[in-house]
Amino acid sequence: MSVRVTTARLRALLLTSIAFLVIAGTATGCGPGDDRPRIVVTTNILGDITREIAGGEAEVSVLMKPNADPHSFGLSAVQAAELENADLVVHNGLGLEENVTRHVEAARESGVATFAAGEAADPLTFHADGEGGPGDGAGAPDPHFWTDPDRVRKVAGLITDRIVEHVDGVNEKAVRDNAERYDGELAALSTWMEKSFAAIPEGRRALVTNHHVFGYLADRFGFRVVGAVIPSGTTLASPSSSDLRSLTRAMEKADVRTVFADSSQPTRLADVLRREMGGDVNVVPLYSESLTEKGEGAGTYLEMMRANTSAMTEGLTAD
């Protein structure tokens, strides 16, 4: 009997220690003595936007590392615990964070306030051919709303409201002042992108990408989405030989020779297209689904969008 009691006590002590370490680990994003409220964000693009709005009023913890793929990144036990100990969770939704959704749902069920940014951004849907279009329930929702800066403006305003409503202890005026400043920067970005894209002749406003990610940009700025190497909205899918044949025929019909490949993914599939079409294909890297480390080209959302706009304009106007 004494052995059983000792074993039970050891087991209880071990479980208590593990729980303490997990809870302590959730505070690693905060400095010593930092008792600010905590906002946890799933993707690094939304994390950057949320930090701009929260400023110093809340600790913003971002789960997805720079250069990661939102479709495939997962969480550690400590990160999962962060979600359930947050004052607010901001996530993309619409199936983007495929390995994180259940953790967000668990946090919501435990009483944590959550905000699905993509669901609030007037989502487009994927057509049968994979292109994005106005949402009418005919296809799966496209989660890549951030390629349209005007939708990001809407989402940023809603994130502001959620912070004010659900995160106790923040200074509402400071948060709304941050949001107003950032909204001005987003408006300036949208105007600059429109002027930049105006340099691309109408006949050249055609996009081929590694996978379908720029439907919102196409819808906002008047581009045609010819197709994608991976005919899907997720990088977890794979193209078949018939998919590649269909795409090369579509590219030849549209007289398109530029493919935009995600900079965080290998360009092997785009290189396959180059071989399929006789080598005359220009592969241009873009930052589509993840920010980079600071100083590596796309350390913020604004920097990412400006870099992409310049690369797309140059790639589609080059002779």
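Student: Is L291 buried or exposed in this model?
Tutor: L291 counts as buried because its relative accessibility is 4%. Buried means under 20% relative accessible area, exposed means over 50%, and partly exposed is in between (1.4 Å probe, protein chains only). Bear in mind that this is a predicted model: local features need pLDDT of at least 70, side-chain atom pairs count only at pLDDT 80 or more, and totals for chains, interfaces and linings use all residues. Residues are numbered from 1 along each chain as its sequence is written, and side-chain values use heavy atoms, with hydrogens and water left out.

Student: Where does L291 lie, and what does L291 touch?
Tutor: L291 is in the loop between β10 (282–286) and α10. Not counting residues up to four places away in sequence, L291 touches N44, I45, D48, P66, N67, A298, G299, T300, Y301 and M304. A contact here means heavy atoms within 4.5 Å. Helices (H or I, at least four residues) and strands (E, at least two) are DSSP runs, numbered from the N terminus.

Student: And how many residues apart along the chain are L291 and T43?
Tutor: They are 248 residues apart along the chain, and their C-alpha atoms are separated by 9.2 Å.

Student: OK, on to α2. How many of its residues are buried?
Tutor: Nine of the eleven residues of α2 are buried, so to speak mostly covered. The buried ones are N44, I45, L46, G47, D48, I49, T50, I53 and A54. What covers them includes β1 (38–41), β2 (59–62), β3, α5 (149–166), α6 and α10 (301–317).

Student: At what angle do α2 and α6 cross?
Tutor: The axes of α2 (residues 44–54) and α6 (residues 172–197) cross at roughly 125° and come within 7 Å. The two helices are therefore oblique to each other. On the cut-offs, angles under 35 degrees count as roughly parallel, over 145 as roughly antiparallel, 65 to 115 as roughly perpendicular and the rest as oblique. Axes are lines fitted to C-alpha atoms, for helices over the stretch in contact, and angles run from 0 to 180 degrees between N-to-C directions.

Student: Which residues make that contact?
Tutor: From α2 there are D48, I49, E52, I53 and A54, and from α6 there are V175, N178, A179, R181 and Y182.

Student: Switching to α4: which residues are buried there?
Tutor: In α4 (residues 101–109), H103, V104 and A107 are buried. They cover an arc of only 100° around the axis, which puts them on the same side of α4. The arc is that of the directions from the helix axis to the C-beta atoms. R102 and E109, on the other side of α4, are exposed.

Student: Which loop holds D255, and what is its phi?
Tutor: D255 lies in the loop between α8 (241–254) and β9 (258–262). Its phi is positive, about 55°, although D255 is not a glycine. D255 is exposed, with a relative accessible area of 65%.

Student: Last one, what pLDDT does the protein average?
Tutor: The protein averages 84, and 79% of the residues score at least 70. pLDDT is the predictor's confidence in each residue, from 0 to 100. Over residues 1–32 the pLDDT is below 50, and beyond near neighbours in sequence that stretch has twelve contacts in the model. Residues 130–138 are also below 50, with 19 such contacts. Where pLDDT is low, the predicted coordinates should not be read in detail.
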